[in-house]
Amino acid sequence: MSLFGILQTSATSLDAASLGLQVTGNNIANSNDPAYIRERLIQSAQIGGRQGNLVLGTGVKVDGIQQVVDKFLDERLRSATSDVASSDAQADAYSKLESALNALGDNNLSSSMTNFFGSLQDVLNQPEDVSVRNIAVQKGQTLTQAIGRLDGQVRALHDTTNNQIIGLASDFNNLLADVARLNVQIVQAELGGNSHSDAVGLRDKRADDLSKLSEIADVRSIEQPAGDVTVYSGGEYLVTQGTFRKINVVTDIQNGLKTSQLQINGINSPLVSGGGRLGGLYAARDNVLGGFLSGLNDITKTLINEFNKVYSGGQGLTGFSQVTSERGIANTSAALDAAGLPFTPTNGSFQLQVYDTQTGQRTTTDVRVDLNGLDTDTNLQSLAAQLDAINGIGATITADGKLQITSDSPNVKFAFGTDSSGALSALGINTFFTGAGSQDIGVSQTVKSDPSKLAFSSGGLGEDSKNGEQLATLLTAPLASQGGGSLTDAYDQLTGNVAAGSQSASAAADGFRSFQQSLESQHMAISGVNIDEEAVKMIEYQRAYQASAKVISTVNELLQTLLNL
């Protein structure tokens, strides 16, 4: 090889060392960027040239500048990030739900139920004292307010969670659009896969976007030979080359609650949400908060129905002159068990007692509620007709489908007795609680206005307290509607599930986070910038450059010597 050949060989070394220093400097400059992926210079020996019987090297060739990545590890890391985001969303929902339960303090639901049923025991001790009855009514109001507050707070959490789901759509669409744009830029920069160098900066940004997408939803990505990535949700593509499918928000109303879902535009297929923050928010909204609301509503419905069924068959200290049912029926000719009432009556009967206050005479009539399905079942019209036929009272149906019973004379009062059909409770006649669930439970205005009508007697107006005895023990009594459990058991199970779910969610979040941190450490060890390592490489490239420059200097001296001959 001639001296000029040596100069060319050394020149390639200078170029390689210079590029190596540039890559190292770029790594160091971006060392504090967590999304930056470390680069390395790929170089190889150039094909040698023959000189006589010898094959001499012709220097070094720079093949490209590539990012140091483990694609399998990065995919596992994105999956772990998705799991962490999902578990964090659920753990946060449990934490807020526990705070809502604790925020009630001394007025929590358990204490309110205990205080209410305790006040019923006080009435048993002084059944003739109207002031004691009034305290029981007030305790009942406190209980219904506690239920309403808790229901309202959890519904607010449900709405907030649903709004967070809606907000994810915009973030997700922005990221999809960014990945599609970066796909085009990367393909152009890398010459459609024909370049041996990675599109520095562009790939870093796209990798960061893919991580953020995985944090939101359960997605996977596949890199194509040209350098672009295709992003999938389940079996549906979200991004391909430079195009993407927009995510739409579809909102429905279920049980009075807004329920939104993210769907892929054009095919109306739901965005797969097994993991990611979206999956966690779905689970938090539907299972954690929605499940609690459903459980609270079931307990409240049981309280209303079971208490009212016993209560409606009792009498207070004074009778009624007029009663209007709480609930109306749109189709008054429909059988009562198919009329759309929140509580369904059954085949049976109830008693109606008519009192003549002048003579002291009491007449008791059994009112049949025929719901056996064998013949013409009782509807509101036929029930009103039965009642209207009883001497001393009249019965009509109001314009809004409510049953109204009125005494025929100021000297006539009426009350109700044993109800085996549940019709009085279903219609809302002579009941203590109003409403049909945790959202609208209240106390009857009749008993609030006149506590003397608190129905504690079963033998007539002010005769005994046997009905009150049943009411006072209802909190801990086994109920068929609860599978033999009591109201106390049901509430304890509901709150116990929240505590257990919170612990489980927190433990799962900690476990996923620990695994993610382990993968993150591995990722940083491979793709992150280590200043010490870069410093060593910088010295290596510096010395290679200096040595190559020395060779060139030496060859230059030799050429000067030749020229001076």
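## The second largest cavity

G314, Q315, G316, T318, G319, F320, A415, N430, K453 and L461 line the second largest cavity, where a cavity is a set of points on a 1 Å grid over the protein atoms alone at which a 1.4 Å probe fits but cannot get out, and lining residues have an atom within 4 Å of a point. The space in this cavity is about 30 Å³, a volume being the space filled by probe spheres set on the points, with grid points joined across faces, edges and corners. By class, its lining has 3 nonpolar, 6 polar and 1 charged residues; Ala, Val, Leu, Ile, Met, Phe, Trp, Tyr, Cys and Pro count as nonpolar, Asp, Glu, Lys and Arg as charged, and the others, Gly among them, as polar.

The model is predicted, with local features needing pLDDT of at least 70 and side-chain atom pairs counting only at pLDDT 80 or more, while totals for chains, interfaces and linings use all residues. Residues are numbered from 1 along each chain as its sequence is written, and side-chain values use heavy atoms, with hydrogens and water left out.

## The largest cavity

Of the 2 cavities of 30 Å³ or more, the largest has a volume of about 90 Å³. Its lining draws at least two residues from each of α2 (71-103), α4 (130-189) and α6 (276-311), helices (H or I, at least four residues) and strands (E, at least two) being DSSP runs numbered from the N terminus. Among the lining residues are D92, K96, T160, Q164 and R277, and the classes amount to 5 nonpolar, 3 polar and 3 charged residues.

## Packing of α3 and α6

The axes of α3 (residues 109-125) and α6 come within 14 Å and cross at roughly 5°, axes being lines fitted to C-alpha atoms, for helices over the stretch in contact, and angles running from 0 to 180 degrees between N-to-C directions. The two helices α3 and α6 are therefore roughly parallel to each other, a term for angles under 35 degrees. Contact (heavy atoms within 4.5 Å) involves L109, F116, F117 and L120 of α3 together with L296, L303 and F307 of α6; by class, this gives 7 nonpolar, no polar and no charged residues.

Methods
1 Å grid on protein atoms, 1.4 Å probe; cavity = no way out; pocket = protein on both sides within 12 Å on 5 of 7 lines; lining within 4 Å. Parallel < 35°, antiparallel > 145°, perpendicular 65-115°, else oblique.
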